[in-house]
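User: I am new to this structure and would like to learn how to read it. Please take me through it one feature at a time.

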Amino acid sequence: MRQSSLSAAAILGLTGVHHVRAHSHVTNIVVNGASYDGFNTKEDTNPDILAAWSTDVGPEDGWVGLEDYQSPDIICHVNGTNAKGYVTVEAGDRISFQWLGWPESHHGPALTYLAYCGDASDSCVEVDKRELEFFKIGRGGLLNATEKATDFSSGMGIWATDELIAKNHTWMIEVPKVLSPGFYVMRHELIALHYAMEPTLGPQHYPQCFNIEVRGTGTQRPDGIPATELYTWGHPGLEYDIFVETLAPYTIPGPTLVTGAVGMPEQTSSTIESHVSAEPAEPTRMIRRPRQSRSNV
Ligand SMILES: [Cu+2]
């Protein structure tokens with residue numbers, strides 16, 4: 001039986017799962033044991049060179065809501081601004097996103113997209129985020145519809161976010177082996193569905209962007225769509241009730257996974273062996289040098 005959205009809100013109120021603070025962001029990503037810092041929303045200043053895009057989300061780590069599905073804020077979070085560095089990975093590598101905790105009440109899917117910027121190391125630094133075309137390389141949604149993550153769980157089902165909590169607040173993705181080399185913006189996102197049935201509130205989106213260079217011998221560069229076209233209110237994976245005894249089938253929002261992508265590798269907590277700084281992008285200067293005769297050199 002479906003509960004009315006009002007009673008879902010009442011449950012949330014009674015159990016006190018709504019909170020104003022303590023949402024989350026990605027503190028670091030880990031690739032083959034090397035940890036790279038994320039953008040720290042709780043610090044006044046961050047290193048100039050990060051692979052992580054900066055945001056104006058602020059120390060309370062809020063979300064982007066359904067009113068902003070067509071706003072640039074959905075792309076790389078609130079006022080997301082291009083990172084100046086990048087992390088080099090091989091096609092086929094696994095990347096772990098370490099979140100700064102995750103509230104148990106915030107059940108929902110975990111999604112990861114890439115958008116190609118170009119072949120120059122500063123192409124993701126210079127790109128207009130509104131022109132990025134994202135394709136999906138990873139997703140986890142409703143992993144178990146008939147159980148609860150814990151005895152005290154506020155919603156039905158075991159979700160990607162519950163798996164993330166169980167793995168020390170990490171989510172792991174695999175960069176498709178078939179992907180052609182180049183520079184990409186990687187957009188990782190958790191969606192919390194606890195208010196999804198409240199049209200005035202809705203799902204909470206927590207997008208996090210990083211610049212990566214993909215190396216390897218892949219040849220595929222999948223088509224994508226602007227992030228402002230990823231989501232529409234009313235999609236069954238966004239307007240979805242987690243507070244019912246029998247969950248409806250869950251459709252993960254956004255475009256389908258690209259061919260050759262591993263949607264959800266087996267999740268493991270990340271192991272950090274070293275802390276590494278992001279590579280600074282080299283500015284591409286389109287300065288034409290005066291012609292020189294070789295014989296003069
Ligand atoms: Cu929250």
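User: Which residue is the bridge partner of Glu-90 in E11?

Analyst: Strands of a sheet pair through backbone hydrogen bonds, either parallel or antiparallel. In this predicted model, Glu-90 has Arg-215 of E11 as its bridge partner. The pairing behind it joins strand E3 (residues 85-90) to E11 in the parallel sense, over four bridges.

User: How far can I trust the model, and what is the pLDDT over residues 1-20?

Analyst: The average pLDDT of the chain is 91, and 88% of the residues score at least 70. Over residues 1-20 the value is below 50, and this stretch has 23 contacts in the model beyond near neighbours in sequence.

User: How many helices and strands does the chain have?

Analyst: The secondary structure comes to four helices and 13 strands. Of the 297 residues, 45% count as buried. Among contacts with a separation of 6 or more, 78% are between residues 24 or more positions apart.

User: Is E10 largely enclosed or open, and why?

Analyst: Ten of the eleven residues of E10 are buried, so the strand is largely enclosed by the rest of the structure. Its two pairings can be taken in turn. Strand E5 (residues 110-118) runs antiparallel to E10, and eight bridges join them. Within that pair, Tyr-116 stands opposite Tyr-184. E10 also pairs with E11 in the antiparallel sense, over eleven bridges, and there Gly-182 stands opposite Val-214.

User: Which residues have the most contacts inside the largest nonpolar core?

Analyst: In soluble globular proteins, nonpolar side chains tend to be buried together. The largest nonpolar core here has 79 residues, and those with the most contacts inside it are Ile-29, Ala-51, Val-87, Ala-115, Tyr-184, Phe-210 and Ile-212. Take Tyr-184 as the example: leaving out residues up to four places away in sequence, it touches Leu-114, Ala-115, Tyr-116, Cys-117, Ile-212 and Val-214.

User: How do I read a residue in a loop? Is Ala-196 buried or exposed?

Analyst: First place the residue, then count what surrounds it. Ala-196 lies in the loop between strand E10 (182-192) and strand E11 (204-215). It has 25 other C-beta atoms within 10 Å and is therefore buried, the cut-off for that being 20 or more. Beyond residues up to four places away in sequence, Ala-196 touches Gly-202, Pro-203, Leu-238, Glu-239 and Tyr-240. The C-alpha atoms of Ala-196 and Ile-242 are separated by 8.4 Å, while the two residues are 46 apart along the chain.

User: Then what does Asn-144 count as, and how many C-beta neighbours does it have inside 10 Å?

Analyst: Asn-144 counts as partly exposed, because it has 14 C-beta neighbours inside 10 Å. It is found in strand E7 (residues 142-144). Setting aside neighbours within four places in sequence, Asn-144 is in contact with Gly-157 and Ile-158. Asn-144 and Trp-159 are 15 residues apart in sequence, and their C-alpha atoms are 7.0 Å apart.

User: What is the phi of Asn-79, and what is that of His-169?

Analyst: Most residues other than glycine have a negative phi. Asn-79 is not a glycine, yet its phi is positive, about 50°. It sits in the loop between helix H2 (73-76) and E3 and counts as exposed, with 12 C-beta neighbours inside 10 Å. His-169, also not a glycine, has a positive phi of about 60°. Its place is the loop between helix H4 (160-166) and E9. With 18 other C-beta atoms within 10 Å, His-169 is partly exposed.

Methods
Residues are numbered from 1 along each chain as its sequence is written. This is a predicted model: local features need pLDDT of at least 70, side-chain atom pairs count only at pLDDT 80 or more; totals for chains, interfaces and linings use all residues. pLDDT is the predictor's confidence in each residue, from 0 to 100. Two residues are in contact if their C-beta atoms, placed from the backbone, lie within 7 Å. Helices (H or I, at least four residues) and strands (E, at least two) are DSSP runs, numbered from the N terminus. Two strands pair if DSSP finds at least two bridges between them. A nonpolar core is a set of buried Ala, Val, Leu, Ile, Met, Phe, Trp, Tyr and Cys residues joined through C-beta atoms within 7 Å.
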